[in-house]
Structures are given as structure tokens and as C-alpha cells.
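Visitor: I'm new to this one. Can you show me around?

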Amino acid sequence: MPSERNVPTAVKGAPDWLPPDAAAFDFVESTFLAVAREAGFERVRVPIFEHTEVFLRGVGGSTDIVQKEMYSFTDKGDRSLTLRPEGTAGIMRAALESGIPRAGALPAKWSYAGEFFRQERPQAGRQRQFNQVGIEALGSDDPYLDAEVVVLGWEALRRVGISDLTLRLNTLGDRADRPGYLERLNAYLDGIDDLPDEVQQRRALNPLRAFDSKAPGMDAVMAAAPMLSDHISAQAKDHHAVVVRLLEAEGVPITHDPRLVRGLDYYTRTTFEFQAGNLGAQNAVGGGGRYDGLAQDLGWPEPFGGIGWALGVDRTVLALRGANALPAPPPRVAVYVVVAAPELRDDAFALVAQMRRAGIASEASSDNRSMKAQFKSADRSGAQHVVVLGPNEAERGVVTVKNLASGAQREVARDEVVEALSG
Ligand code: HAM
């Protein structure tokens, strides 16, 4: 046996998706995208890397993402670039760069899917390369849009089969509400003895980050802290009340969570997270919110807000697998061609090409194997029908078509087999 020692391995935390799991991945991703499409969100594709500045200014310097998790590098032109850790900042960059705010016809409703990168400690459900499907509705501060976006996330997760689903909802008010509240929060934290170093460090960057701390004892400390949602403007309160009313009318159960601050600095007003019940620590299958100050953080001179979410494809597959709720992978082909004699392989080759042109998913055995081995492959392919090409049949200008489920078989003229298997 040759040694396998020198074969490179995948980068830690970067998963391979192989058959049949990749089919589950595609099912989740395409279902999320279908829900977005049905609601009028148009697909966009933006680069997988950006100037680092987009995330420094967009996601925010106080966040764990920017502090610890970005894959940043200097390219040969001495530019600092970063593999995208999330989608919203890049989408906003693209919208501003292409003049969307002044193009009219707002909101622009966009969807996206693809790879994202964070140098987190890998564990179940937490990877360094992962996939999201996201939607962003840009250029409107209408609370109906917030509610619509949340409902779509809920529907998307239900449609793929997540049954144990929780929506955690909060409002972070407007930016103008922040300084007064942070003063209260700081005063409260000042009064706590022995605040862990980790929390002091987080606090120095942004006192809101204290809510993300997992340090022992902090849960109780933060439960008793003043909550941002109690210190927001009347307009932000009204906005939230409309969102709550619409979600309730839609029958979406809400878990109000005043401690949900989310790990990105751009959020204002509506913030939310979707959790799957069976995932353990990494149970957020999606999250999102409104980001009315993001455009200005990126240097845009006028207010230009938006709201959106991103759903984690990998984590959703994990949740579905854990609940035994993944659909069976679709059959690879509909028809499998078995060849009884080597001289008939050319005809099998032609027949498969003909069937594929007619839109029939099909394949033929790819080497000279026994009939038994070919039938085994046919079974594994998931094909409904097998076409057997045999020498006797070939002389009579016919083939045998066998229904693998029922076992029934019949002879069909070679010239008519494609038609017989269509429809
Ligand atoms: P996020 O909450 O950071 O939000 O990520 C959204 C989802 O991506 C998470 O709920 C999770 O399912 C998945 N995810 C995040 N990190 C990982 C990881 N290391 N491994 C596996 N899955 C992960 C955002 O990214 C915002 N851009 C969402 C948004 C859109 N807000 C407004 N618009």
C-alpha cells in the first residue's frame, strides 16, 4: 500500500460537503433562496473578499468578528483585504457604490448565498468556513418591512423542516438613544464587584458587549442590568410595536429577549435570532436586524437604512439531521442502461446521449462489468427504470425496459425507447 501520510488535509473548520450530504445542503440552500424569490427578492452576487475597511467600519471595531475572527491578509499590491465574515457590510458597500440610494424604486430587495469565513474555535455547528443565505431590504424604514423580513425567515426555516424553532426578538432603538443608555449601563457595571477581566475588556470596546459574555456569573449580572429596550425613543417604541403586532397577527410566536444585542455593531431598532431546539450551544440557525446607521458608517452622506437576515445553511442541515428530518436524497438518475455484451457499449453510449437530450436523467455502466454488478449500480443510482441492451434483442431491434420498483419488464423498439421513457 502506498503511504497516505503526505496527503494534505482540509483547513481546520473548513468542511467538505460530499454526496449524499451535499444534496441536503443544496436542498436547504435552494429552499431558502426560493422563499426569498417568492417574496420578490432578487439575487445578487458580491465578492467573497473586500477591502478590510468595509468590515472595520461596517461590522465595527468593537466586535469579536473584527477583533479576533477575520481572515485578513495583505496582497501583493500591499492592500489589506479580508475574506467576508458576513454579508451585510459588503452588500451595503455594493448598493452605495452602484448608486442604489438615488436610483429610486426603493426598497431594493436582494438575496445572496455563499461562503463566509470566521476564525472561530471550531466545534459542532461552528466552522471557519460556513454558508449563509441572506436577504437585505435596503432603503426603507417601514416597520412593515421588518415584520415581512422576520416572517420570511420563520417561513424559510419551517419550510426546510425545522419544527422546534424559536424567534428571539428585541429592539436596540436608534443610535441617538445609545449614549444615555450606555451611561446607565456603565453606572450599573461600575457597581458590580469583581467584574471579570474579559468583561472589562469587552466593556472598554463597547459596554453592550457585556451582554455577550459567557463568563461565570455574568448571566445573573446581566439579567439584572438596565435594558436598552426600556430606554429608547417613542418613535423606536412605536416602530417595535408595529413589528410585534404584525408578527402576532401572522401567528409567529415571539420570545421577547431584551438581552439580545447581537455581535455586530450596525444594528438599530429590530434585532432577532432564530434558534433550533436540538443544536446545543451553537443553536442560532439565523439572525438579523435593522441597520439604519450602516450606510453612514461607510461614509454615505444621507440616511439609508435597511433590514435583513442571514440563515446558516450548515447549521440548519445539522439541526435537520439531528431531528431526523432530512428528506431522502433525490435519485441520481431516472434511467440506468445495462449492457449485456461489450459490443453494445457504443449503442448504450448513443442511447444515453439521446435520453439526456430529451431531458431524461440517465447513465450507463462505465466499464465492462457483469450484469449483476451493473444491476447493483442501477439500484444504487436510484433509477426508476433499467434499459437492458442484449445481443438477441439488438438483432430484433428491441431493448428490455425494467421497472426496478415493481420488477415488471417489457420489450420496447429501440427507436421508440426514448419516447416510451419520456413523461
Ligand atoms: P450572524 O448572526 O453573525 O449574522 O450569522 C447568521 C447565521 O450564520 C448564524 O445564525 C449561523 O447560523 C451562521 N453562522 C455564523 N457563524 C457561523 C460559524 N462560525 N459556523 C457556522 N455557522 C455560522 C450575520 O451574519 C448578519 N450579516 C445577518 C444580517 C443580515 N443582519 C442583517 N442582515
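Guide: Here is a short tour of the sheet, the cores, one valine and the ligand.

Guide: This is a predicted model, where local features need pLDDT of at least 70, side-chain atom pairs count only at pLDDT 80 or more, and totals for chains, interfaces and linings use all residues. Residues are numbered from 1 along each chain as its sequence is written, and side-chain values use heavy atoms, with hydrogens and water left out.

Visitor: In what order do the strands of the sheet run?

Guide: The order is 1-5-6-11-10-9-7-8. Eight strands form this open sheet, and the pairing is mixed. Strands here are DSSP E runs of at least two residues, helices are H or I runs of at least four, and both are numbered from the N terminus. Two strands pair if DSSP finds at least two bridges between them.

Visitor: Which strands stand at the edges?

Guide: Strand 1 (42-43) and strand 8 (254-256). Each has a single partner strand, so one side of each is left without a neighbour in the sheet.

Visitor: How many bridges join strand 7 to strand 9?

Guide: Seven, and the two strands run antiparallel. Threonine 166 stands opposite glutamine 275 in strand 9.

Visitor: Which strands does helix 4 touch?

Guide: Helix 4 (residues 88-97) packs on the sheet against strand 5 (108-117) and strand 6 (129-138). Touching, or contact, means heavy atoms within 4.5 Å.

Visitor: New topic. Which residues touch the most other members of the largest nonpolar core?

Guide: Met92, Leu138, Phe211 and Met222, out of 49 residues. Such a core is a set of buried Ala, Val, Leu, Ile, Met, Phe, Trp, Tyr and Cys residues joined through side-chain atoms within 4.5 Å. Buried means under 20% relative accessible area, exposed over 50%, partly exposed in between (1.4 Å probe, protein chains only). Helix 4 gives the most to this core, with five residues.

Visitor: Is valine 221 buried or exposed?

Guide: Valine 221 is buried, because its relative accessible area is 16%. Valine 221 lies in helix 8 (residues 218-223). Not counting residues up to four places away in sequence, valine 221 touches Tyr188 and Ile192.

Visitor: And the ligand? Which residues come nearest?

Guide: Glu86, Glu120, Gln127, Glu136 and Tyr267, of the 27 residues around the ligand. Being near a molecule takes a heavy atom within 4 Å of it.

Terms used:
Axes fitted to C-alpha atoms, helices over the stretch in contact; angles between N-to-C directions.
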